[in-house]
Amino acid sequence: MSHGSGGQMTAKLINDIFFKHFQNDILLKAEDSAVLDMNGKIAFTTDSFVVEPLEFNGGDIGKLAVCGTVNDLISVGARPLYLTCGFIIGEGFSIEQLERIVISMSETAKEAGVKIVAGDTKVIETKGLFINTSGIGDVISSVSISNSKKGSKIIVTGNLGEHQASIMSARMGIENNIKSDVAPLIGLANIFEKLQNSPKNIDNSEISKTAIQTMRDITRGGLVTVLHELCEKSNCGVLIYEKKIPVCNEVKGFCDILGLEPIYMANEGKMLIVVEEKYADKVLEFVKNCLYCENATIVGEITDGSDVILKTLIGGERILSPLYSEGLPRIC
Amino acid sequence: MDIEKIKKYLKNYSNKIKIMEVCGTHTSVIRKSGIKDLLSDNINLVSGPGCPVCVTSVFYIDKLIELSKEYIILTFGDMVKVKGSKKSLADISNKIVLYNPMQAIDLALQNPTKKYCFAAVGFETTLPIYALMLEKCPDNLKLLTSLKSIIPALEYICDNEKTIDAFLAPGHVCAVIGAKPFYSLAEKYKKPIIITGFSPLHILLSIYTAIQMFELKNYSVKNLYKNVVKENGNENALALIDKHFHIADDYWRGIGIIKNSAYVFDDDFNVNNIEDIIETKIDGCRCTDVILGRINPIECPLFRKFCTPLNAIGPCMVSSEGACGIVYS
């Protein structure tokens, strides 16, 4: 508990772990607040992370805490710049594990090009580790969940369900090679910049600056949940094709056994992008060249209905309802 | 015959037929793959009693809650929200949700001073695993069983519900018990019975086969899942079941007592007199009619209006394998 007292032990923890790994000019000033240079519109978001287990195949709570906030900023068309992080640490938590998680955060932040400029630490009697991150980014493009127009195409940036399958495997003691997809999708922010500065694609035909109408981080609740939010806010319907939904074979097998559906499962490094129909193939080409997005594909389109409809492999249509509870494995 | 011709036949079928898919997983695949969209309105698919959560008695839940005063209850997630007479397992804290029955053994071995009770619920599909558990069970782990046999339930339905014309037999159960136990059923009640797998195409083909057999008055068993279901089933699994369990009468939620429909074992916690079970009827809830194939979930007056997965009134809404829960989603 003394690490949370605010005294010397707290200072030691901050110096030995947080300052050591997160170091940057703003943080090391150790002021009560970070002072930032910002121009124009900024995007600002916050998220708390409480995952169990703390370390899993493909990532850990630290990487998750950076990627979650970074991707939330990107999905409103912003370039992520600065993060803050709050650590709530359970008494007796291993310093080695804490340092591993902090290193992981620091590496992910570097990859995403963001600085961790302020932080806070508390020690509590409950076991575990909880992290909150807030983030600020420069708004480059005006995309919005309310902007999707009828006829536009829906891109999903990669295979679905991997984060949830990885976490569930760890919790259930199932051995497999499924890795969480947790990743900072910084390449997508680059696309906005590219469209903004020189809206040309590789064969020199022009892409409108407003070609991308909506972006949304596909996290808890999965693709279907995001599509429902989209329908409500953009006042539209959606048609997606089962045969187009990208899912890797291992996740497919995992879901078949447990009766889960990848379209309802959580991801931590996937984005939904709605693009004006005539630019869809070109934007897809850009997206596929981004790191972590090589399996991007067009999964469907915006309709003038109000439901989220899945055209099934066998040719039937199914209305996809919102997720109403956690996916629980079935008995038989 | 190619699939497009089958689809066309099914879309244009003009006689009335009612087919019961016994297994909850079949109901789920039918829903998820949009199969009903491909069928003529004359083909009525109804769900059967093949969701173990839906037919587990109120008494069983009450017993688990009573045992939770002394034991840590180990259960699958599906069971948590099912209501007993007053409470559900969601209302007690002394429980752990498991994903795999064998986790129960690990827990009991790792914590020898704690006492555990595993809620062993299921049909023949899960029996071999429970039999294996019994072989390794440490003293601090007990089982409270509600293990049911599907054939007596189908006999009950055939005796009491005359409107069902054909059955899709549950593929997973058949993998254990084999095709043979269905022969006498098909013959006695004059119903085509199709053993089928779980891909949408498989199910579509089995609906087509059921209709063909019904039209030809061919009342026999057709095994379309031969790569998994053998005539005599899985003989090793059956031997294991035989070694540990014997048959008894059982109480089915919404139905009542069905003779010879339970698997029990000697040290079973479930020492109750099922004759004494009186279940209170829930006003308006028509889960009984749903699992007996009398109605589709949407015909229940509570469905969607009062009974939803977040506020499940009847057991068919609780489970991911329950007909109402599946139709709702």
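1. In chain B, eight residues of domain 1 are in contact with 15 residues of domain 2, contact meaning heavy atoms within 4.5 Å. The model is a predicted one, in which local features need pLDDT of at least 70 and side-chain atom pairs count only at pLDDT 80 or more, while totals for chains, interfaces and linings use all residues. Residues are numbered from 1 along each chain as its sequence is written, chains are lettered from A in the order in which they are written, and side-chain values use heavy atoms, without hydrogens and water.

2. Chain B is divided into domain 1 (3-48 + 152-223), domain 2 (58-149 + 234-276) and domain 3 (287-328); such bounds come from an automatic or database domain assignment. The C-alpha centres of domains 1 and 2 of chain B lie 30 Å apart.

3. The size of an interface is often given as the accessible area lost when the parts come together. Domain 1 and domain 2 of chain B bury about 890 Å² between them, with 74% of it on carbon and sulfur atoms; buried area is the accessible area (1.4 Å probe) that two parts lose on being put together, summed over both. On the side of domain 1 of chain B, Pro152(B), Tyr156(B) and Val176(B) lose the most area to domain 2 of chain B, together 57% of what that side buries.

4. The count of salt bridges between domain 1 and domain 2 of chain B is zero, a salt bridge being a side-chain nitrogen of Lys or Arg within 4 Å of a carboxyl oxygen of Asp or Glu.

5. Chain A and chain B also meet: 20 residues of chain A are in contact with 31 residues of chain B. The area buried between the two chains is about 2,200 Å², and carbon and sulfur atoms give 64% of it. One salt bridge is counted between chain A and chain B. The side chains of Lys32(B) and Glu261(A) meet in a salt bridge, at 3.9 Å from N to O.

6. Over all chains, the structure holds 10 aromatic pairs, in which rings of Phe, Tyr and Trp (its six-membered ring) have centres within 6.5 Å; planes under 30 degrees apart count as stacked, over 60 as edge-to-face and the rest as tilted. The ring centres of Phe76(B) and Phe118(B) are 5.9 Å apart and the planes stand at 80°, so this pair is edge-to-face.
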